[in-house]
Amino acid sequence: MHVYNLLWGIPKSMGGMTTAALRRIRSFQTYGNCLSQTILTFSPRMDTDEIRERLVSQGKLRDEVELVNIWQELRGRTEDQLATLDGESLRDSVPAENGELENINAYYDAFRSARTGKVIRRNYLRGDGSLLLADIDDPDLGRRFILHSPAGTPMTEWRRPRDFYNAWISDIVRKDPAVVIVDDKKVSEFIHEISDRTFSLILFLHGSHLRHPWNGDHGQILPYRVDTMRNFDRFDIVGVQTQQQAEAIRAMGISGDNIKLLTGELPAGSVITDPPMQRCMERAVMVANLIDLKRIDHPIRAVANLRDRGVNVSLTVLGEGPARPKLEQLIDTLGVGDRVELPGYVDDVPDRLRSASFSTLTSASEGLPLSVMEAMGAGCIPIVYDITYGPRDLIEQGRNGFITPRGVISALADQIEAFLTLPPEDVEVMRRSAMATVERYLPDAGYRRWKAVLEELRPANLPDGPTTYRLPAIVAKSLTVHPTPRGSQVEIEIDQMDRSLAESLELIVAARTLNTFFVCRNPRVSKRLLGRKTTMKFDVDYESFSESEGQTFDVYLRRPRDLWTAKRRVRTPKRYQSEKFGNRAWYSTKYGNLSIRPSP
C-alpha cells in the first residue's frame with residue numbers, strides 16, 4: 001500500500017503532533033513493507049529542501065520518504081499539468097493588485113488594505129517571479145483562488161481554500177492502492193469533503209475534540225475541530241489514543257464504528273533495560289512546553305506548599321515557551337528559586353529522566369501524554385492530575401503511579417509527600433511496573449496495531465452532496481413527542497420514504513449558537529399497512545443538553561456519511577403545538593421548523 005501522510009507544515013521547533021507523525025512514518029519504514037511513503041504539506045512558508053535535509057541529518061526522516069509541499073509542487077508544473085486540477089470556470093476577470101505590499105518570502109506576497117490593515121490579497125509566486133495563484137478577497141464575488149499558467153494566463157478558480165486544497169490532494173494522490181493519514185487538525189477540517197476519492201482516509205486525533213473536556217462529554221467542540229466532528233463518519237478510520245476519548249465521542253451519539261485505538265509511539269529504546277532503582281527520592285522532572293495549557297504554575301506552587309510543610313522537593317521543567325517570564329516571576333515571588341529550575345530545551349532529556357525519582361503533569365487537557373510515558377520508561381513514577389485524556393489509560397493507582405484530582409494543588413502536594421514516605425522496595429516495584437506499562441507503546445507494538453487496521457481497510461463509497469447551500473426541509477405529516485425516563489421520544493411521520501432509508505437516518509440535534517451537537521440513531525421504524533407513510537421514533541436523552549444551559553437546539557435528519565451541509569431540517573405539520581417535557585420545550589420556529597428550547 002502507498003501511504004500519504006498529511007501535515008500542514010513541519011516547523012523547526014516541532015511539537016508533539018509532528019514528532020508523533022514522524023515516529024509513525026519511521027516505524028512504517030522499519031517494520032512494514034509500504035510500497036511508498038509520502039508527506040504532503042500545505043504551508044507557504046516552508047523551505048522543503050532545507051527541512052528535508054535537516055530531518056534526514058537528525059535521523060527523523062529516511063531518504064526514501066518523499067516530502068512534498070503544495071506550493072513547491074505546483075511551481076514546477078507545466079500548463080498541461082496544472083490543467084488536471086479540478087476547478088471551476090473563471091467568474092470574472094482578475095482584479096488589479098491593490099493595497100500595501102508585504103513581502104513574506106521569495107514566493108509569497110500579501111497586500112493589506114490601507115484603511116483597515118486587513119489582508120485583501122495574497123500572491124503565490126514561481127521562482128521566476130511570475131504569478132502562480134492569486135488569493136483575492138473580492139468585494140463583489142467573495143473569496144477567489146485563481147490559478148495562473150506559467151505564461152500568466154488565468155486558468156481556473158476556487159471559491160474556498162478547502163476546495164483548492166482538496167483539488168490538489170485528489171490530483172496528487174495517484175498511486176493505487178493508497179491510504180491517506182491525516183494528523184493535522186487544519187487538514188482534517190476540509191479533506192472529508194472529497195466524496196469521489198479512491199483512497200482510504202484515516203484521521204489520527206492527537207488531542208481533545210472538546211473545548212472543556214474536564215466538564216464532561218457534552219460540551220462545545222474546539223473551534224478547529226468543528227467540521228471534523230460534524231463529518232466524523234466520513235473518515236474510514238479515526239484513530240484515538242485513549243479509551244476515555246473513544247467513550248467521549250460515542251457519548252455524542254456518534255456510532256464510533258470507525259474508531260480504533262491507535263496510540264502514539266515512544267522512540268525505540270525508551271524503556272531502559274537496567275535503570276538505576278536507587279535515586280534521590282525528592283527529585284522531580286516535568287517535560288512540557290512553557291504554555292498556559294500545561295499549568296506549570298501548579299507543580300511550582302506544590303513545591304512551595306511542600307517547603308512550607310518542611311518537605312524538600314526539587315523540580316526541573318524541561319521545555320520552552322511564552323509563559324517563561326510569568327513562571328520565573330512566580331518562582332521569585334514564592335521564593336523557590338533554589339528548588340525549581342527552568343533550563344529550557346536540553347539535549348540530555350533521557351539522562352535527566354533516569355536520574356529523577358518522579359515526574360508530574362498538570363495540563364488542562366491532553367491526548368496521550370508521551371512525556372509521561374517516556375518518563376515511565378526511564379523508571380520515573382508519574383504523579384499527575386486526572387487529565388482528560390490519558391492518565392487513566394496509563395496509570396493504575398498505587399501500582400505504577402498516582403493520579404490526583406484535577407486542578408487541586410494541595411492534593412498534588414499530599415500525594416508527593418505520601419510517595420516520599422514509601423519504602424525503597426515498594427518504590428522499586430513501582431518503577432519496574434511503570435516501565436513494563438509503556439512497553440506496549442514502543443514502535444514495534446505500535447506498528448502491529450496500525451498493520452491490523454491497514455490490512456482490513458477499504459475506501460468507503462461516500463454519498464455526494466452539496467457543500468455550500470441548504471437542501472429543503474423534510475416535511476413531517478405528523479409529529480408527536482412523548483416523555484421517557486431519560487428525556488423524550490420524538491415520533492416523525494414522513495410520506496413516501498423507503499423503509500431501509502428511514503432505518504438508516506440519524507436525528508441531529510445542534511445548538512444554534514454554540515459548537516455543540518449530538519446524534520440520535522437507530523430509530524424504530526414502522527409503515528402503515530395502507531398508504532405510503534413511514535414513522536420513525538427517536539429517543540432523545542436530555543443528558544446531552546447538560547453543558548448547554550439556556551441554549552436552543554435545531555433538529556435535522558441526516559443520512560450517515562452525508563456531508564454535514566446535506567442534513568435537512570424537519571418541517572413541522574401546520575398548527576403544530578409546542579410540547580413541554582421536563583425542562584425542554586419542542587416547538588415550531590417562525591419558519592415552521594422543529595427546534596428545542598429551555599423551558600422553566
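Before we start, a word you'll need: a residue is buried if its relative accessible area is under 20%, exposed if over 50%, and partly exposed in between, using a 1.4 Å probe and protein chains only. Helices (H or I, at least four residues) and strands (E, at least two) are DSSP runs, numbered from the N terminus. What you see is a predicted model, where local features need pLDDT of at least 70 and side-chain atom pairs count only at pLDDT 80 or more, while totals for chains, interfaces and linings use all residues. Residues are numbered from 1 along each chain as its sequence is written, and side-chain values use heavy atoms, leaving out hydrogens and water.

**Stop 1: the sheet.** Two strands count as paired if DSSP finds at least two bridges between them.

**Stop 2: strand S2.** Select residues 36-41. Strand S2 pairs in the parallel sense with S3 over 4 bridges, and 5 bridges join S2 to S1, also running parallel. Now click on Ile39: its bridge partner in S3 is Leu67, and Asn5 stands opposite Ile39 too.

Which way do the residues of S2 point? Ser36, Thr38 and Leu40 go one way, Gln37, Ile39 and Thr41 go the other, and all are buried.

Stop 3: Together, S1, H1 and S2 make a right-handed β-α-β unit. Right-handed means that, with the strands pointing away from you, the path from the first strand over the helix to the second runs clockwise. Next, follow the chain from S2 through helix H2 (48-57) to S3, another right-handed β-α-β crossover.

**Stop 4: Gly446.** Jump to helix H16 (443-455) and pick out Gly446. Why does Gly446 count as buried? Because its relative accessible area is 2%. Leaving aside residues up to four places away in sequence, Gly446 touches Glu265 and Arg440, where contact means heavy atoms within 4.5 Å.
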